[in-house]
Amino acid sequence: MTTFKGFAMKGLNEVGWIEKERPECGRRDAIVRPLALSPCTSDIHTVWEGAIGDRKDMILGHEAVGIVDEVGSDVVDFKPGDRVIVPAITPDWEDEAAQRGFSSQTTEPLGGWKFSNFKDGVFGECFHVNLADANLAKLPDDIKPETAVMLSDMFSTGMMGAENAKIKLGSSVAVVGIGPVGLCAVAGSAILGAGRIFAVGTRPNCVKVAKNYGATDIVSYKEGPVDEQILDLTDGKGVDSVIIAGGNMNTWNQAIAMAKAGSVVSNVNYLSGEDTVPIPRVEWGCGMANKDIATGLCPGGRVRMERLADLVRYGRIDPDQLVTHKFKGLDKVEEALMLMKDKPKDLIKPVVTIEE
Ligand code: NDP
Ligand code: ZN
């Protein structure tokens, strides 16, 4: 195969199929063919909200499980035919930001996010993975590709939201937004030992999974300001952690208002639209109330994927509950992406599987 086809962002607000040259592998890299793919809300922000600016003929997608097609001469642990989980984030592990402990920010802020940002993504007949030994993980035989594809971004990101929120045994958490990312934040909060977990959202499927994943209280943002509802439910005390995984700029006002003094507001939402984020001064204790703000990009790399796979293998998480729509064949990524754009009421995540 010297050329291959992929589903691309052709420019702002424009998508379509394109043909490209097969990428060069590189000594430490791999070329992978997809077995399972899933579109992300971030693809929607990228194409239809211009959140990272314009991109021309860039293949979309960053959530994949695949089969190795080719490896470079210096790759040690992978060979053609291996089934692999591909992290959405594939850092440059030798970069100084990785050495400081921030691998997703290598070479520049958000620089670990390469697929469908700085280079072609995974919605093609094949794609290139940098530093294969550090950025691929073997797919365990007992996990299906359509299950594991939920780990590459959704569980890694949502659970990071909970890790960054510094949850303590029995502490209280509000997860604002229970799309797939927020649902994984609920699951992460429960695993990390939170006591009361408020889940904010309305889609019935999401509400059901939020309860299954450990939410104790469901709050609808359509029934009044979220901060007022959560303050009421906690006798005016508020919560120890807020995880923002949806909403709008006003969500920041509400998050700060319902966070206790000595709390963390942990954001994983991909902010688009406004140029500044409102932080309410008085509710923030005039900047002196130990209401900390944490942010992060999905953690990537091999060890992260192996650990998430262990959470599946040993029964701690059940990613299949996120998958509401299943498609077969690469051609269907277009339909799956449009579902993600339109967000019908019964949608959590679509998955496309591709025959070997
Ligand atoms: P969804 O759009 O599926 O979910 C958004 C959630 O927010 C829904 O539960 C929705 O409720 C809720 N919501 C909408 N409006 C409000 C409001 N006014 N107040 C409170 N809640 C509201 O998104 P995803 O779960 O797919 O993704 C969440 C975010 O995470 C996206 O911005 C995505 O780009 C980002 N992301 C970030 C990553 C990172 O590395 N940091 C990686 C991956 C994604 P309802 O139930 O009514 O629909
Ligand atoms: Zn994503």
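Colleague: In which sense do strand 3 and strand 16 pair, and over how many bridges?
Modeller: This is a predicted model. In it, strand 3 (residues 30-38) and strand 16 are paired in the antiparallel sense, over two bridges. Pairing requires at least two bridges found by DSSP, so two bridges are enough to call these strands paired. One of the partner pairs is A36 with T353 of strand 16.

Colleague: What pairs with strand 16 in the parallel sense?
Modeller: Strand 15 (residues 323-328) does, over five bridges. K326 stands opposite V351 of strand 16. Between strand 15 and strand 16 the chain passes through helix 11 (residues 333-342), and this β-α-β crossover is right-handed.

Colleague: What makes strand 16 a mostly covered strand?
Modeller: Buried means under 20% relative accessible area, and five of the five residues in strand 16 (residues 349-353) are buried. Both faces are covered. K349, V351 and T353 are buried on one side, and P350 and V352 are buried on the other.

Colleague: Why is helix 8 called roughly parallel to helix 9?
Modeller: The axes of helix 8 (residues 226-233) and helix 9 (residues 250-258) cross at roughly 20° and come within 8 Å. Angles under 35 degrees count as roughly parallel, so helix 8 is roughly parallel to helix 9.

Colleague: What is the handedness of that crossing, and which residues of helix 8 and helix 9 meet?
Modeller: Helix 8 passes helix 9 in a right-handed crossing. From helix 8, V226, D227, I230 and L231 meet Q254, A257 and M258 of helix 9.

Colleague: How are the strands in the sheet 2-1-4 paired?
Modeller: The three strands form an open sheet in that order, with antiparallel pairing. Strand 2 (14-21) and strand 4 (58-59) are at the edges because each has a single partner strand, which leaves one side of each without a neighbour in the sheet.

Colleague: Where does helix 11 lie relative to strand 1 and strand 2?
Modeller: Helix 11 lies across strand 1 and strand 2, and runs at about 145° to strand 2.

Technical notes: Residues numbered from 1 in each chain as written. Chains lettered and ligands numbered in written order. Predicted model: local features only at pLDDT ≥ 70, side-chain atom pairs only at ≥ 80, totals over all residues. Heavy atoms only, no water. Buried < 20%, exposed > 50% of the residue type's maximum accessible area, 1.4 Å probe, protein only. Helix = DSSP H or I, 4+ residues; strand = E, 2+ residues; numbered from the N terminus. Right-handed = clockwise from strand over helix to strand, strands pointing away. Axes fitted to C-alpha atoms, helices over the stretch in contact; angles between N-to-C directions. Parallel < 35°, antiparallel > 145°, perpendicular 65-115°, else oblique. Left-handed = near helix turned anticlockwise from the far one by under 90°. Contact = heavy atoms within 4.5 Å.
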